[in-house]
Amino acid sequence: EVARESVGEIDQMVRVLREHAALPLGGNEVEPPPGLAAFDGLVERHRAAGLAVTTAVSGEQRPLPPGVDRGAYRILQEALTNAARHGAGSAQVELAYRPDALDVSVANPLPRARAGHAGGGGHGVIGMRERAALLGGSLEAGPNNGRFQLHAWLPFSGKPA
C-alpha cells in the first residue's frame with residue numbers, strides 16, 4: 001500500500017513539474033514515460049536486432065490508467081529483452097484488453113540446452129512480478145514444453161479482484 005501511494009505521489013510530482021516547465025532544458029522537450037503508444041517502436045527495435053516478433057491484440061483498445069500503461073510497456077520491454085538474450089530467436093506477444101484488466105502474454109522458444117531448466121527466477125522476472133503486484137495484478141513466468149511463457153494480469157482499478 002505504501003509503495004502504491006509513493007508511486008502515485010511521484011507521478012503527481014512529475015505531472016506538476018511538466019506543467020510548470022516554462023522552457024525545455026537544452027532545447028529538448030521532456031518526453032513522457034513510454035507506454036503502450038510506444039509498443040510498435042519497441043517491437044520494431046527488437047525485430048531490427050534480430051528477434052522475430054509476432055504480435056496480436058484483442059479486445060477494445062482504449063486509453064489505460066497511466067500506471068497500467070507504463071507498467072505493461074516495461075513488462076513487455078523486459079520480456080522481449082529476455083527473449084532476445086535467452087530464447088531461440090523469436091517471441092510471440094499478445095495483448096488482450098478485457099473490460100477490467102489488460103492481459104499481457106509473451107512466449108518464446110527456449111534453446112534445446114535450456115528447454116528443461118526451471119528458469120524464471122532471474123532479477124528481471126522478479127522485477128516484472130513486483131511491478132505487476134504494485135499495480136494490483138499478477139505475473140506468472142516459466143518454462144513450459146520447450147517455451148518460456150509469461151502472463152501478466154494488470155487490473156485497471158489497481159486493486160486485486
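**Notebook: folds, pairs and a few side chains**

I began with contacts (heavy atoms within 4.5 Å). Among those in the protein with a separation of 6 or more, 67% come from residues 24 or more positions apart. A note on what I'm looking at: this is a predicted model, where local features need pLDDT of at least 70 and side-chain atom pairs count only at pLDDT 80 or more, while totals for chains, interfaces and linings use all residues. Residues are numbered from 1 along each chain as its sequence is written, and side-chain values use heavy atoms, with hydrogens and water left out.

**Overall layout**

I listed the helices and strands next, taking them as DSSP runs numbered from the N terminus (H or I, at least four residues, for helices; E, at least two, for strands). The protein has four helices and five strands, and along the sequence they come in the pattern α-α-β-α-β-β-α-β-β.

Then I checked burial, with buried meaning under 20% relative accessible area, exposed over 50% and partly exposed in between (1.4 Å probe, protein chains only). Of the 161 residues, 31% count as buried. I also looked up the accessible surface (Shrake-Rupley method, 1.4 Å probe; for residues, only the protein chains shown count as cover). The protein's total is about 9,700 Å², and carbon and sulfur atoms hold 54% of that.

**Strand pairing**

I count two strands as paired if DSSP finds at least two bridges between them. E1 (residues 52–58) and E2 (residues 90–97) run parallel and are joined by seven bridges. I traced Thr54 to its bridge partner in E2, which is Gln92. The chain gets from E1 to E2 through helix H3 (residues 66–86), and this β-α-β crossover is left-handed. For the hand, I use this rule: with the strands pointing away from the viewer, a clockwise path from the first strand over the helix to the second is right-handed.

What does E5 pair with? E3 (residues 101–109) is antiparallel to E5, with nine bridges between them. In that pair, Val106 sits opposite Leu150 in E5. E4 also pairs with E5, in the antiparallel sense over seven bridges, and Glu140 faces His151 in E5.

**The turn at Asn145**

E4 and E5 make a hairpin with two residues between them. Asn145 is in that loop, between E4 (138–144) and E5 (147–155). I noted its phi, which is positive at about 55 degrees although Asn145 is not a glycine. Is Asn145 buried or exposed? It counts as exposed, because its relative accessibility is 75%.

**Salt bridges**

My cut-off here is a side-chain nitrogen of Lys or Arg within 4 Å of a carboxyl oxygen of Asp or Glu. How many salt bridges does the structure hold? I found two.

One links Arg47 and Glu44, with the closest N and O atoms 2.6 Å apart. Both residues lie in helix H2 (residues 39–48), three residues apart, or about one turn of the helix. Arg47 is partly exposed at 34% relative accessibility, and Glu44 is partly exposed at 42%.

Another joins the side chains of Arg98 and Asp103 at 2.7 Å, N to O. Here the two ends fall into separate classes: Arg98 counts as partly exposed at 38% relative accessibility, whereas Asp103 counts as buried at 10%.

**A surface patch and a buried Asn**

Ile10, Met13 and Val14 form a nonpolar one on the surface, with about 260 Å² of accessible area together. Val14 lies in helix H1 (residues 2–20) and is partly exposed, with a relative accessible area of 30%.

Last entry: Asn82, in helix H3. Asn82 is buried, because its relative accessible area is 16%. Which residues does Asn82 touch? Leaving out residues up to four places away in sequence, I get Gly87, Val125 and Met128.

Definitions and conventions
Patch = residues over 30% accessible without salt bridge, like charges linked within 9 Å, V, L, I, M, F, W, Y side chains within 5 Å.
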